[in-house]
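Biologist: I would like to go through the labels used for this model and see what each one rests on. Please give the cut-off along with the value.

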Amino acid sequence: MNRFAAAALLALATTAPAFAEGTPAPAEARVYFVNLEDGASVQSPVLVQFGLSGMGVAPAGTERDNTGHHHLLVNRAPFGEGDGDADMKLYGVAADDNHLHFGGGQTETTLELPAGTHTLQLVLGDLNHAPHDPVVQSEQITITVTE
Ligand SMILES: [Cu+2]
C-alpha cells in the first residue's frame, strides 16, 4: 500500500461510523441474477445462477483483495432493512433457512421452493462472511413458483 492509500484509509477509519468499516469493495462491483429476473414464473426446483462483476469469487476464508463469496437471501426483507442487519454487517451474514452461504465459491444453486411467491437477493461476503463496504448486493427480486 502506498502512503496515499494509507492516508485515505486512515481518513476513512477516523470518519466512518463503525458499521461501515467492512472489507473494501470497488464502487463498481455488482452482483446479479444471471438467469432470473424480477417477476419471473418458474417451476421448482429453481436453478439460481449468481453473477459477479468488478470482483472475483473466492471461497470463504480466502484473504485476497476484491474477492468474496455469495450469499443468497430468501424470503426476508431487503438487506439493510431487516432486524439485525447492522450486526450482520459487523459479524457476518446469518446462516439459516433465509440466509444461504456459498462459502465454497459456488456460483449457482438449485432451490426446492413451494408454489407461491418468493423473494431472492444476493449479498457478497468477505472472508469472514461479512458484507463489504460498500455492501455488494443485488436488487431483491420476486419470483413466482407455479405448480
Ligand atoms: Cu458466508
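Modeller: To begin with pairing, two strands pair if DSSP finds at least two bridges between them. Strands are DSSP runs of E with at least two residues, numbered from the N terminus. This is a predicted model, in which local features need pLDDT of at least 70 and side-chain atom pairs count only at pLDDT 80 or more, while totals for chains, interfaces and linings use all residues. Residues are numbered from 1 along each chain as its sequence is written, and side-chain values use heavy atoms, with hydrogens and water left out.

Biologist: What makes β1 and strand β3 (residues 46-53) a pair?

Modeller: DSSP must find at least two bridges, and β1 and β3 have 4, in the antiparallel sense, so they count as paired. V31 stands opposite L52 in β3. Strand β1 (residues 30-33) has V31 and F33 on its covered face and R30 and Y32 on its uncovered one. In a regular strand, side chains alternate between the two faces of the sheet.

Biologist: Which atoms coordinate the copper ion?

Modeller: The donors are NE2 of H69, NE2 of H71, ND1 of H101 and ND1 of H129, at 2.0 to 2.1 Å. Donors are N, O and S atoms within 2.8 Å of the metal (3.2 Å for Na, K and Ca), and water is not among the atoms, so sites may look incomplete. The spacing of the donor residues in sequence is H-x1-H-x29-H-x27-H. H101 in strand β6 (residues 99-102) and H129 in the loop between β8 (116-125) and β9 (141-146) are 28 residues apart, a pair that links distant parts of the chain.

Biologist: Why is H132 called buried?

Modeller: Buried means under 20% relative accessible area, exposed over 50% and partly exposed in between (1.4 Å probe, protein chains only). H132 has 3%, so it is buried.

Biologist: What does H132 touch?

Modeller: Its contacts (heavy atoms within 4.5 Å) include M55, T67 and L124.

Conventions. Lists of a residue's contacts leave out its neighbours within four places in sequence.
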